[in-house]
Amino acid sequence: MEQYNVTGMSCAACTARVEKAVSAVPGVTACSVNLLTHSMGVEGDASPENIMKAVQNAGYGASPADAKSTEKTDTLRDTETPQMKRRLIASIIFLLMLMYLSMGHMLGLPLPEPLCDAPVSSGILQMLLSGIVLVINQKFFISGFRGLLHRAPNMDTLVAMGAGVSFLWSVWTLLGCSMGMVSEPEYYFESAAMIVTLITVGKLLEAVSKGRTTSALKSLMQLAPKTATVIRDGEERVIPAAEVLRGDIFLVKPGDSIPVDGIVIEGESAVNEAALTGESIPAEKAAGDTVSAATINQSGFLRCEATAVGEDTALSGIIRMVREASSTKAPIARTADKVAGIFVPAVIGIAMLTLVIWLLLGRTAAFALERAIAVMVISCPCALGLATPVAIMVGSGRAARSGILFKTAAALETAGKTDIVVLDKTGTLTEGIPAVTDVHPAQGVAEEELLTAAASLEQHSEHPLAGAILRYTAEHGIQPGALTGFQASPGGGVKGMQDGKRLIGGNAKLISQHVTIPADMTSVADAWAAAGKTPLYFAEDAKLLGVIAAADVLKPDAVDAVQALHGMGLRVVMLTGDIERTARAIAAQAGVDEVIAGVLPDGKAAAVRKLSREGNVAMVGDGINDAPALTVAATGIAIGAGTDIAMDAANVVLMRRSLQDVPAAIRLGRAVLRNIRENLFWAFLYNCIGIPLAAGAFAWLTGWTLPPMFGAAAMSLSSFCVVTNALRLNLFDLHSTKHDKRRKIRKITHKEEPTMQKTMTIEGMMCPHCEANVKKALEALDAVETAEVSHEQGTAVLTLSAPADDALLRQTVEDKGYTVTSIA
């Protein structure tokens, strides 16, 4: 998506006009304009010249956003507020003088002698003072009438028309008075000046509040250190961080910020990565570990090699992601956009209609004009335009501070609408690496003896389970002994000699060839296997030492995260390519509602599609095999330390490995959605009540009429209220369950398609592994949606998404070494 800066926009009608103009350019496939940041994102192959020309023809200015400037705080510097302050101060000075002349006598204040009982002299002076205030605030008139010329009226058009008509009517009255046609003139010079001044007050409050919405992005940008210490020509040099090149050797002293992404080549330290991940506990770093820009070296001295600099660092990626999320538009904003596109012309029409109706009812021209002006100045399309982007900006910034990155505004919305959470098993629910879970020595054998023998054997093995045993023994201070004659049997186990004795380790089949396994130990191992663990037996010559269980264990916060999801009324499903028994064992520990096991990457995507018929699905994964499912899901969530492919496929990225960030992301999505709805409700309600009140619709019942200056004040406050409401998201606690509410899952109805099923009778399947092989092979076929395989019954029940040739089905199974006896 190409980014552009857009100037001259003042309200939602402006954004609608720009979007319409750019979307009409040949080659543009999508366009999103953000009123808050005055930016525009465009997708497609249209040339920048044609895009900018379309914006200019619509009455606005456009320029390409400099990619490098997006990472400078200068781009977010608030230049608008100081200008508005100066305008406001000058306006108030002259407005006070004007109010003294026009209304001072009502308060008993003395007027200069020449102005007493001199309506013409007083009127001329009021006209001059009012004119000065209008000139000070000429921006409203320039923008407003430019919009009219381009047939794209905006909020400034309403302000300019309201203030301009008040001023011109007063000038006309003054002329009538000077010619003796009007004896008791009623001027509206103070109304014209008051309107633009109050609107400026509102714009100033809005600008200050909008400046706060980008505080999270500014703080991210300010994290980047300005200088770096590098080794150049054998000497230490302090250079600007922007000049560090990939491959440079840089030094980081205790207390310093790391300037660029790199890899540690020397030294050990604790690095505070809270700025990027939200994790308060420092991460230990040593040679070979990666470090990221803007993190803080807390203790030791580090010598590193730069691997990513400039726009390629993790910090720059986060900043870019937050900006892009803020520049996109959530689907919920479409209603407001449609209304904004016709809002200003409709308000002008209502104002004209109000004027005509009051004149037809016999009221004076001054009264009718006052009502029409009040309608124009009370209407606020600005609040409609800000309702969504301010909430998205604050919400995405709040998430980034907690290590949760939403790539688009739509991702925030869909996360908040999640009904079903699908969790990958390996690396998401579990640690992704096996760990020792149980140790059971044989009778008469000490646990230390069993662990020493196991460590001695496994120190030469490259099997993942060997690593689990070595990590466990190291944690318990057990050192492996010297081993000779090491042998590894693929799928069987390991053997070796130690102090003249043969050590053996492996599965029950291998060990039973050398020693007798007691029934009680077999039952223990079977119970472990039923729980999804892998039992490993160890023996010394003809002596059984015991059995050790290893498994891919749950993450420490997995159970709490699943409980939090349940507390939010969400259905939790585990999706894995692992065998059914292991998957169900892990699922039982985690407390998930449903298990889908033995599926290939394409099968994961098909399973997510099927679940999507029952509600909005959020898929959480970390591996390459999760990418198809992450893409298919309404919300794809890539968990920290995952693969680049998974992070590219997802639209939400969790910087940490903590599963607790999954309910936190959904919780924030709900909060942002709720905030947007509140903002839109307020914006619509304000206009639905304010416009009839300004038009005098309630005058017959209550006698209420609204002077234009009060309408201007109300208009100013409406945008301020919307922005202030969005700022409350900065105080939102993502990890608090206090406001969690259980939701009834919204069933998504689809046109039912007739399902096709076939049952295959298969011979030769002996175990769950056979089931998994057949299931994976069949579900790899395009026509097969799911395959329910049972080795006990010798069947495979296929659910088909399209007709499948029996010969192909038969060949697929028989290629795996099994025999198909029938297909029905």
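Author: Two strands pair if DSSP finds at least two bridges between them, and strands here are DSSP runs of E with at least two residues, while helices are runs of H or I with at least four, both numbered from the N terminus. This is a predicted model, where local features need pLDDT of at least 70 and side-chain atom pairs count only at 80 or more, though totals for chains, interfaces and linings use all residues. Residues are numbered from 1 along each chain as its sequence is written, and side-chain values use heavy atoms, leaving out hydrogens and water.

Let's start with β17, residues 484–489, which pairs with β18, residues 493–498, in the antiparallel sense over four bridges. In that pairing, A488 sits opposite V494 of β18. None of the six residues of β17 is buried, so this strand lies largely in the open. (Buried means under 20% relative accessible area, exposed over 50%, and partly exposed in between, with a 1.4 Å probe and protein chains only.)

Now for a buried spot. D261 belongs to strand β8, residues 261–266. D261 is buried but has no salt bridge, and the nearest side chain of opposite charge, R246, is 9.1 Å away. (Lys and Arg count as positive, Asp and Glu as negative, with His and the chain ends not counted; a salt bridge needs a side-chain nitrogen of Lys or Arg within 4 Å of a carboxyl oxygen of Asp or Glu.) What D261 does have is the backbone nitrogen of A293, 2.8 Å from a polar atom of its side chain. Leaving aside neighbours within four places in sequence, D261 is in contact (heavy atoms within 4.5 Å) with several residues, including F250, V291, A293 and T313.

Other charged residues do find partners: a search of the whole structure turns up 15 salt bridges. One of them joins the side chains of D248 and R232, at 2.6 Å from N to O. D248 is in the loop between β6 and β7, and R232 is in strand β5, so the pair ties together parts that are 16 residues apart in sequence. D248 is buried, with a relative accessible area of 12%, while R232 is partly exposed at 22%.

Another bridge runs between D438 and K533, whose closest N and O atoms are 2.7 Å apart. This pair links distant parts of the chain, with D438 in strand β16 and K533 in the loop between α19 and β20, 95 residues apart. D438 counts as partly exposed, at 22% relative accessibility.

Technical notes
A polar contact is a pair of N or O atoms within 3.5 Å; within protein, one must be able to donate a hydrogen and the other to accept it, and residues adjacent in sequence count only if both atoms are side-chain atoms.
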